[in-house]
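User: Can you walk me through the sheet in this one? I have the file open.

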Amino acid sequence: MCGIVGYIGRRQAYPVLIKGLKRLEYRGYDSAGVALITETKGLEVYKTKGKVADLEAYVEDKDVTGTVGIAHTRWATHGEPNATNAHPHISCSGNLALIHNGIIENYTVLKEALQRHGVAFKSSTDTEVLVQLIDYIQQHLKTDLLTAVRLALRQVIGAYAIAILDRNEPNQIIAARKSSPLVVGIGDDEFFLGSDASPIIEYTDKVVYLDDNDIAVLRRGAKEAEFVNFDNEKIEHDVKTVDLDLGQIEKGGYPHFMLKEIFEQPKSLRDCMRGRVNVEANNVVLSAVIDYRKELINARRYIIVACGTSWHASLIGKQLLESICQIPVEVEYASEFRYSNPVIDSRDVVIAISQSGETADTLAAIQLAKERGAFIFGICNAIGSSIPRATNTGCYIHVGPEIGVASTKAFTGQVTVLTMLALALGKARGTINNTDYVNLVRELDSIPQKMEKVLEQNDHVRDISRVFTYARNFLYLGRGYNYPVALEGALKLKEISYIHAEGYPAAEMKHGPIALIDDEMPVVVVATQNPLYDKLMSNIQEIKARNGRVIAIVTEGDEKVKALADEFVELPQTIECLEPLLSTIPLQLLAYHIAVQKGKNVDQPRNLAKSVTVE
């Protein structure tokens with residue numbers, strides 16, 4: 001969601017901040033702003049509705065000098081998207097400027113108390129309450145900024161990552177976090193702030209990931225950043241080295257990040273499997289399964305919690321784990337699980353899946369499960385993020401940074417990790433015979449090469465997309481392992497083209513959706529050659545009998561479905577449980593090309609954010 005950037009050091013701050021905001025645009029936002037300690041006027045704040053480019057145009061004739069500053073992209077939660085509600089927010093005294101990611105849950109109570117003391121508010125945001133509270137404490141107690149921040153945060157209920165400037169203490173930035181990510185970059189006589197490492201990596205690969213209730217004090221000329229808690233007790237943090245190539249967060253010649261990331265999937269899955277899938281030894285090795293064998297293989301059941309695309313990957317994971325490991329698995333929306341008073345105890349393993357590792361609902365679900373004694377296993381992409389640090393163990397998917405808001409390579413990475421987990425656990429539990437195990441290991445290793453064959457049909461999928469840009473609705477159908485693929489394909493189309501689409505198990509078509517089918521209803525059917533093939537053939541015939549338009553995803557050489565379908569995309573043959581790794585790719589490409597044909601902003605679809613760090 002919202003993005004934070006900060007800088008203090010020897011460079012001019014404004015170019016660093018603007019470049020950083022552009023690197024965070026993938027998070028989703030509707031306004032942008034910057035605060036600077038300028039060389040001539042002191043504290044200056046510039047902000048506007050719209051994109052970072054609109055902010056650049058707005059400040060073109062403004063004073064942007066100075067070597068200290070903070071900047072922000074806002075995704076609206078409280079208050080409509082406009083310049084008044086954009087960050088940074090300024091205190092009544094004019095001394096403080098603050099940026100904030102998250103939600104202040106008790107902002108109404110705090111705001112009413114401040115209003116009773118004569119504080120006037122300009123915006124309708126929860127964030128302004130925090131800057132006014134800090135300012136009020138500072139003015140009435142005649143204290144420094146750090147003390148005022150510590151005292152104010154004791155009164156706050158909610159999630160936040162904040163950064164603050166004070167015109168009267170111009171050589172420092174104060175930052176703090178609780179349940180919202182914040183990274184401090186350590187340079188030579190300079191410090192950086194970011195919601196993640198992407199705006200920092202150009203300047204330094206040395207970072208500190210703040211923990212909940214940490215406050216960072218970044219002072220000009222200091223050799224080290226200072227970290228304290230709410231009691232002003234010093235905290236020691238290890239400096240981490242970020243393994244992130246700047247080229248990974250650039251488009252690399254592709255028109256959009258989404259297309260780049262679709263085409264990166266063969267490489268990203270090789271990276272995901274590297275050191276884990278050993279074809280020569282016919283083995284899958286996961287350190288988490290080795291280190292926590294007892295907890296994982298003796299569990300009475302697994303519960304997977306996730307949101308959005310990660311939830312779809314979880315549905316595939318459920319089938320993999322139940323089939324290969326003979327362990328009962330439940331899949332829950334994290335947003336529902338956290339409020340459902342679930343029956344859970346120390347005999348359960350909870351698997352939390354999140355690309356960003358910062359999904360607020362998933363973090364809350366983890367906390368609930370930990371309180372009830374469950375063992376927590378995390379599957380994430382972002383190294384050093386909150387979920388890996390909150391779990392007992394887990395696996396990174398290692399697919400590299402995903403910039404496009406609509407998830408692509410993270411989905412296939414999550415499915416790959418779940419496949420490896422099922423194989424490692426199945427072998428440990430003795431629930432898979434050696435022949436099936438070896439065949440799956442070898443076939444999994446071949447998937448990236450088969451993905452490349454699917455991607456060779458990109459131009460063909462683009463041609464298909466031109467026919468269906470007119471559509472107002474789509475149906476996506478699949479069976480077995482490909483039912484979650486149908487859900488994911490429909491989600492991709494909704495996210496970036498704004499066409500209404502629904503995914504169904506194909507057998508459920510007769511229980512309602514068939515009423516919608518006519519000559520204006522495109523139906524995408526994942527009809528690969530697996531044990532449910534004949535059932536899907538019948539479904540396609542039912543669609544054609546009602547003049548529906550069929551786009552079929554078929555196995556190479558299948559002439560039966562191709563003869564029935566209006567359009568088709570062929571996939572290489574693979575083992576049934578690995579089909580989602582191939583069948584999802586043409587659906588990603590179809591959504592992408594339809595959205596491009598309709599002139600939509602593919603990488604930054606409206607109303608969506610990459611990392612959902614608030615409820």
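The chat below goes through the strands and their neighbours.

Analyst: This is a predicted model, where local features need pLDDT of at least 70, side-chain atom pairs count only at pLDDT 80 or more, and totals for chains, interfaces and linings use all residues. Residues are numbered from 1 along each chain as its sequence is written, and side-chain values use heavy atoms, with hydrogens and water left out.

User: In what order do the strands of the open sheet come?

Analyst: The order is β5-β6-β7-β8-β12-β13, 6 strands with antiparallel pairing. Strands (E, at least two residues) and helices (H or I, at least four) are DSSP runs numbered from the N terminus, and two strands pair if DSSP finds at least two bridges between them.

User: Which strands stand at the edges?

Analyst: β5 (89–90) and β13 (226–228); each has a single partner strand, so one side of each lacks a neighbour in the sheet.

User: What does β5 pair with?

Analyst: With β6 (residues 96–104), over 2 antiparallel bridges. His89 has Leu98 as its bridge partner in β6. Helix α4 (residues 127–141) packs on the sheet and touches β5, β6 and β7, contact being heavy atoms within 4.5 Å. The direction of α4 makes about 130° with that of β6; axes are lines fitted to C-alpha atoms, for helices over the stretch in contact, and angles run from 0 to 180 degrees between N-to-C directions.

User: How many bridges join β8 to β12?

Analyst: 6, antiparallel, and Ala176 is partnered by Ile215 in β12.
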